[in-house]
Amino acid sequence: MRISHLTPHLTQLTKLGWVNAYLVRESDGLTVVDTAMSAADELIAAARALGAPIRRIALTHGHGDHVGSLDALRKRLGPDVPVLMTETDARILAGEPVEFSDRRRGSWPKITTRPDVTLAPGDRVGGLEVVASPGHTPGHVAFLDTRDRTLIAGDAFVTLGGVEIPSRPTFPFPLAWMGTCDRRQAVESASALRALAPELLVVGHGGAVRAPVAAMDAAITRARRAA
Ligand SMILES: [Zn+2]
């Protein structure tokens with residue numbers, strides 16, 4: 001697992017070269033944002049190296065490559081470390097029937113951990129503000145660090161091979177497109193995230209992009225043209 005210290009608040013952990021999880025520093029310890037897969041030990045070791053306890057786990061969405069270490073983390077960290085996610089994605093993960101606009105659903109693994117706290121747009125998670133960004137999944141959210149305008153965008157954008165919106169096949173990483181359930185909504189959400197004028201864009205798949213607004217604009221233009 002590759003570890004990059006991106007800002008004083010943000011550490012990126014990259015598993016297998018293509019899936020990211022994040023540790024966000026708060027005054028009381030660390031927030032894990034997304035968990036990658038089979039990465040519980042590595043996330044805990046990275047937190048230990050930062051010298052701070054993991055206080056909570058917040059999820060952008062319920063796909064397997066973002067919640068894949070959740071059960072193992074719950075086992076290792078215990079129930080005092082709450083899991084936060086949106087109600088919509090939690091319901092899909094729990095196997096409830098939820099209407100999807102397009103045929104695609106992406107991978108929703110069977111996991112036993114249920115969220116302890118329901119996230120809604122506008123909620124605060126320490127220095128992070130929860131921002132609605134449905135489209136990739138029905139309950140997808142992004143997190144804006146209002147201390148330095150870092151946007152943790154989950155799969156609302158991908159940056160592997162350049163900044164793109166996975167509303168259409170993007171290469172070399174078409175997997176995010178294959179899991180995007182509402183392509184039109186994904187473009188609208190990407191545009192709403194761009195309006196936040198982030199200083200740093202980090203995502204589920206691909207490297208961090210500094211001063212990302214022009215690249216986000218170009219991605220929105222390409223996605224609208226392809227729609
Ligand atoms: Zn996804």
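Reader: Where does T112 lie?

Author: T112 lies in the loop between α4 (87-93) and β7. Helices (H or I, at least four residues) and strands (E, at least two) are DSSP runs, numbered from the N terminus. Residues are numbered from 1 along each chain as its sequence is written. The model is predicted: local features need pLDDT of at least 70, side-chain atom pairs count only at pLDDT 80 or more, and totals for chains, interfaces and linings use all residues.

Reader: Is T112 buried or exposed?

Author: Count C-beta atoms, placed from the backbone. A residue is buried if 20 or more others lie within 10 Å of its own, exposed if 12 or fewer, and partly exposed in between. T112 has 8 C-beta neighbours inside 10 Å, so T112 counts as exposed. The C-alpha atoms of T112 and S69 are separated by 11 Å, and these residues are 43 apart along the chain.

Reader: What is the strand order in the open sheet of seven strands?

Author: Strands of a sheet pair through backbone hydrogen bonds, either parallel or antiparallel. Two strands count as paired if DSSP finds at least two bridges between them. Here the order is β1-β2-β3-β4-β5-β6-β7, with mixed pairing. β1 (2-7) and β7 (117-119) are the edge strands, each pairing on one side only.

Reader: In which sense do β5 and β6 pair?

Author: Strand β5 (residues 54-58) and strand β6 (residues 83-86) pair in the parallel sense, over two bridges. I57 stands opposite V83 in β6.

Reader: At what angle do α1 and α3 pack?

Author: Axes are lines fitted to C-alpha atoms, for helices over the stretch in contact; angles run from 0 to 180 degrees between N-to-C directions. α1 and helix α3 (residues 70-77) pack at about 50 degrees, with their axes 9 Å apart. Angles under 35 degrees count as roughly parallel, over 145 as roughly antiparallel, 65 to 115 as roughly perpendicular and the rest as oblique. α1 and α3 are therefore oblique to each other. Contact means C-beta atoms, placed from the backbone, within 7 Å. A40, L43 and I44 in α1 meet A72, L73 and R76 in α3.

Reader: Which residues of α6 are buried?

Author: R183, A186, V187, S189, A190, L193 and R194 are buried in α6. They cover an arc of only 165 degrees around the axis, which puts them on the same side of α6. That arc is taken over the directions from the helix axis to the C-beta atoms. Their cover includes β9 (128-132), β10 (141-145), β11 (150-152) and α7 (213-226).

Technical notes: Two residues are in contact if their C-beta atoms, placed from the backbone, lie within 7 Å.
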